[in-house]
Amino acid sequence: MLDNSLSYVTDDGRTIGGVVMEMKNITLRFGGVVAIQDISFDIREGEIRAIIGPNGAGKSSMLNVISGFYVPQEGEVLFHGKKRPPMRPYEVARQGIARTFQNIALFEGMSVLDNVMTGRLNYMKTGLFSQALWKGKAEAEETENREVVERIIDFLEIQHIRKTPVARLPYGLKKRVELARALAAEPKLLLLDEPMAGMNVEEKEDMSRFILDVNDEFGTTIALIEHDMGVVMDLSDRVVVMDYGKKIGDGTPDEVRNNQDVIDAYLGVSHD
Amino acid sequence: MAQMQTGAQGMQSLPALLQRNAAQFANAPAYREKEFGIWQCWTWSETAKEIEALALGLINLGVKEGDFVAIIGRNRPYLYWSMVAAQAVGAVPVPLYQDAVAEEMAYVLGHCGARFVIVGDQEQADKVIEIQDQLHQFEHMIYLDPRGMRKYDHTQLHQFSHIQDQGRAAHDELIGELNKRQTKLDYDSTCVMLYTSGTTGKPKGVVLSNRNVVQSAKNSAEFDHLTQGENILSYLPMAWVGDFIFSIGQAYWCGFCVNCPESQDTMMTDLREIGPTYFFAPPRVFEGQLTNVMIRMEDAGALKRKMFHHFLAHAKKVGGDILDGRPVGLMDRLKYALGNVLVYGPLKDTLGYGRIRVGYTAGEAIGPEIFDFYRSLGINLKQLYGQTEATVFITVQPDGEVRADTVGVPAPEVEIKIDDSGEIHYRSPGTFVEYFNNPESTASTKDAEGWVATGDAGFFEEGSGHLRIIDRAKDVGKMADGSMFAPKYVENKLKFYPDILEAVLFGNGRDRCVAFINIDLTAVGNWAERNNIAYASYQELAGHPQVLESIRSHVTEVNKSVAEDPMLSGCQVHRFVVLHKELDADDGEMTRTRKVRRRIVEEKFDDIITALYDGSEQVSTVTEVTYEDGRKGSIKATLTIVDAEVKPGAVHKVAAE
């Protein structure tokens, strides 16, 4: 299914495969406001793909198009080479796409463990009735899923807050729990909406390391939006730069960094 | 095994003890570790197999007799096995502090010339890789947790489980060699080499023989009647002699179970789940727990709070006496029993001390109130005095003779003498063999008859025969007027206040004393919250006028109590500053075991000390700080200097003579 002709091996030994998702001439309007204007780019298997841009550039809208939450008025989204019809969120999740949110969206009253377990929903096959009785299959299934979740808890080093209600956690940890929940779905494509927003330097470093490890250990394809240029340039394989709903750059961090349009968008340009 | 014997004669090494345990306590738990939320368990016979596989793997990898094998990581069964496996193949295990930065590791690894390094995870592996060019003898590294390691160059790098697999595969071929090497081990062969963190100068490698370790473990286990049924929680640094003795020496001697926490942050939860019967912690752990309990009680309901304070007051009155077996009235006993059901029992359970039989604290002085708090609950908390060179034990407190201000009587088979200058010397079966590659230091520490100078000044109390420690001998000085300067004595008094984390006293050769103080962020932060005091950073909180005022009142109280001591009344604090940063091992201001490096602090904050003496009211300073990853930055601050009230030391001139 994948076109592997593009595949290559990165400097640090990861294999980047063919195109997983392709955006073709996407235009998204909210009434008269054009949020995204004629943007095309692709995401390849196993890569870390960043979308950056100044405030209001349309990054989050773009992520919502990728996740299927917004349906663009023009253009098409190809997933594994096939045109993707409008879908409900659970259908998107079943296709192997998981995401985190810019404004944390966890169940505040539930423990970290329970929150992460919700990420396994798509793997729970037993019905409501047998789950309530918790006999036989349901029990075995929960044990199985709990094991996956425990591995993720171990991976993200959140053992110490396993039983803590999410509401009691500081911001940086909540972000990590969100990542854990997304990972629990064992996604093929992970979408991260500003995973580092509002974090201090140390938390950012931790999060960067986790993102790299997720990509490396599980081979998860990651698309992320981020403000912090330094972090993005260190993390990503390729970067799309947006400004006022348009794509102004696309390429490796080095290419993007030297792109005059990008420099102008970020630093401003004198009009004389 | 062929050379299996009964009695202590045959038990002259850790591998020999392991064989005995595997035969005698085959199905009893030897190690537990919480992983993936579940306590995983290994019995003694499983442990013996794991260690054998690893030992064979090490031989297969080329470990020779006499090689040094460095071990770096948090407390995990695998790393404890590594130490025993290293010994089994005739190599010398050298555990390192896992929070050491790369340069510190470079020194130690270079000094012992380690050919092999076993690390816990990527973080440690990266540090070794960073410095490996400086290490000429380094050959192979073995890592435990494969996470993040996949894309590393594996020519010199091996996964722990693969080494064990290779060992199992080569079993028939190499078992003869392993048995031959194990049989050679006796009381005189080296058991372990531990680097002392050293409050001054470079770390020194203390060589401990099997005699040191096995004999010390045996004596101390008999002293406290430790049995095979004990459970301990191993969470203190593996490079520290105490952990080596408790988690390996005594564990192998008695055959009890070593439990490893899931991660550093889960230690308190794991402690509660395991409920150790034998426990060791430095005073700061007990202090931290007590502070936590008190903070949480503030938030409890009125009834619970009242009950808590009522029964705690009763425990304070009679609890210690009941524990020590002194006569206590029937009514008091009944009330204590009721308190045990309602308050003490549940509290002990919450803290993880529900099953504790013997608890020890050492390393630093513990505040009498903290000490008495735990004892009054019925927890048999005791103190011991020891050092790496003694294989821990110099003095210990026997049951029923426990006090906060002494460190007990000489441990079994330990002889102690105090020289004219007041320095404590000892001689025991635990006395170390030598400092590795450092005959000068060995000679200056240990004399021909085997007496070791501790560097601590102290005296035996008349009547009880208990030892009391005054201070480090080299830190004890004289003030300008000739009276005694013993900084630790005053610092400990200051540190007993929950608000004060650390204090450093200056005044050697001067006419009066001044002090640096670090506030305790947990305690002071909580206080600030309850009093609606906003603060943005440690620095801001440390400089808050109300904080300074409350610290000043503590200093005044300490001065009052210091003034009562005729010998030390000159050590009262005249002026002090609350420092803008915590003293930190990463900045070299403290050792990894959290002891203040006085000289370095003195040099580094020279400008502040000058200001303390020249009468200025404020001082501006820039301090370099090192972040955890080794990068450097600096903090600027303007500190307010506070004058404290001083009591006239009436007898102070007389005492000086």
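Which residue stands opposite Tyr426(B) in S20(B)? The answer is Val452(B), and the sheet around this pair is described below. The model is a predicted one, in which local features need pLDDT of at least 70 and side-chain atom pairs count only at pLDDT 80 or more, while totals for chains, interfaces and linings use all residues. Residues are numbered from 1 along each chain as its sequence is written, and chains are lettered from A and ligands numbered from 1 in the order in which they are written.

Chain B has three parts: domain 1 (2-209), domain 2 (391-473) and domain 3 (477-643), with bounds from an automatic or database domain assignment. The centres of domains 2 and 3 of chain B, taken over C-alpha atoms, are 30 Å apart.

In chain B, four strands form an open sheet in the order S17-S18-S20-S21, with antiparallel pairing. Strands (E, at least two residues) are DSSP runs numbered from the N terminus, and two of them pair if DSSP finds at least two bridges between them. Strands S17 (415-418) and S21 (467-472) of chain B each have a single partner strand, so one side of each is left without a neighbour in the sheet. Within this sheet, three bridges join S18 (residues 423-427) to S20 (residues 452-460) of chain B.

Another antiparallel pair in chain B is S1 (residues 29-35) with S2 (residues 38-43), over six bridges. Here Arg32(B) stands opposite Cys41(B) in S2(B). S1(B) and S2(B) form a hairpin with two residues between them, and Phe36(B) in the turn has a positive phi of about 50°.
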